[in-house]
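Morning, everyone. Please look at the screen.

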Amino acid sequence: MRLLYTFFLFFITIASVAQTEEQDAVTETDSITTFSDPKYREDQFYTSISYVLMQNKPGNYSQNSFSTGISFGFLRDMPVNEARTYAIAVGLGYAYSNIKHNLKITETAGTVLYEEPDNDEFDKNKLVLHCLELPIEFRWRNSNSSSHKFWRVYTGFKASYLFADKAQFYQLSGGSTKVKSNDDMNRLLYGVYVSAGWNTWNFYAYYGLNPLFNKDARLDNGQQVNLNAVNFGLMFYIL
């Protein structure tokens with residue numbers, strides 16, 4: 001987790017320096033020409049940090065502490081009008097989720113079990129997900145080639161492949177249990193999202209259209225686990 005946060009901060013720092021240098025270059029260029037670039041593109045790289053909120057919850061399911069979502073990747077910007085204010089973008093990225101909740105996931109004799117203990121019965125309990133994501137989005141912005149400060153509204157659809165997962169339960173008495181590569185989890189996840197804002201700061205929201213778990217994941221009372229992810233946070237774009 002510390003490594004991910006360190007990488008995230010490093011990524012933001014490098015991006016900020018790169019954007020400042022590019023803005024300086026544009027200023028110098030503007031001093032010798034009055035023509036804008038008719039083939040410029042916007043927002044080629046992205047990174048986000050968000051809070052992961054679970055919906056479609058079973059029984060007495062609850063979250064605790066802060067459930068973190070982090071993503072970053074590359075998007076190919078393809079303008080579709082002459083002014084280049086409308087565009088379509090497709091990309092490839094990585095997403096990390098650390099969901100802290102009271103859903104206890106254990107494995108006995110090859111069978112995965114799901115329980116909902118009270119919060120005072122455990123020290124920590126988390127579900128960590130690693131995904132490759134394929135976003136496609138429709139973009140509107142009032143930008144031009146000589147300024148990188150503009151309003152934007154980007155909406156899109158994202159398909160994600162869950163390539164690694166780990167559920168870990170830490171007992172109050174010490175020790176922990178761990179379940180990796182749970183076959184009850186949906187490997188293909190998909191949802192819709194929106195990113196809107198001014199310049200660096202952009203509000204980001206994602207709604208998962210299918211659940212994290214398939215129909216085989218059930219509590220001991222027979223209720224399906226399901227759980228759809230909803231993310232709220234900030235998105236940062238870099239040229």
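Which element gives the most to the lining of the second largest cavity? It is S6, with three residues. Before we go on, some ground rules. This is a predicted model, where local features need pLDDT of at least 70 and side-chain atom pairs count only at pLDDT 80 or more, while totals for chains, interfaces and linings use all residues. Residues are numbered from 1 along each chain as its sequence is written, and side-chain values use heavy atoms, without hydrogens and water.

Now the terms. A cavity is a set of points, on a 1 Å grid over the protein atoms alone, where a 1.4 Å probe fits but cannot get out; lining residues have an atom within 4 Å of a point. Points are joined across faces, edges and corners, and volume is the space filled by probe spheres set on them. Strands are DSSP runs of E, at least two residues, numbered from the N terminus.

The count is two cavities of 30 Å³ or more.

Take the largest. It holds about 280 Å³. Its lining has 24 residues, and Ala95, Ser97, Tyr206, Ala229 and Asn231 lie nearest the centre. Strands giving two or more residues include S1 (45-55), S3 (86-100) and S6 (122-141). S3 gives the most, with four.

Thanks. Questions, please.

Technical notes
On a 1 Å grid over the protein atoms alone, a cavity is a set of points where a 1.4 Å probe fits but cannot get out, and a pocket is an open set with protein on both sides within 12 Å along at least five of seven lines; lining residues have an atom within 4 Å of a point.
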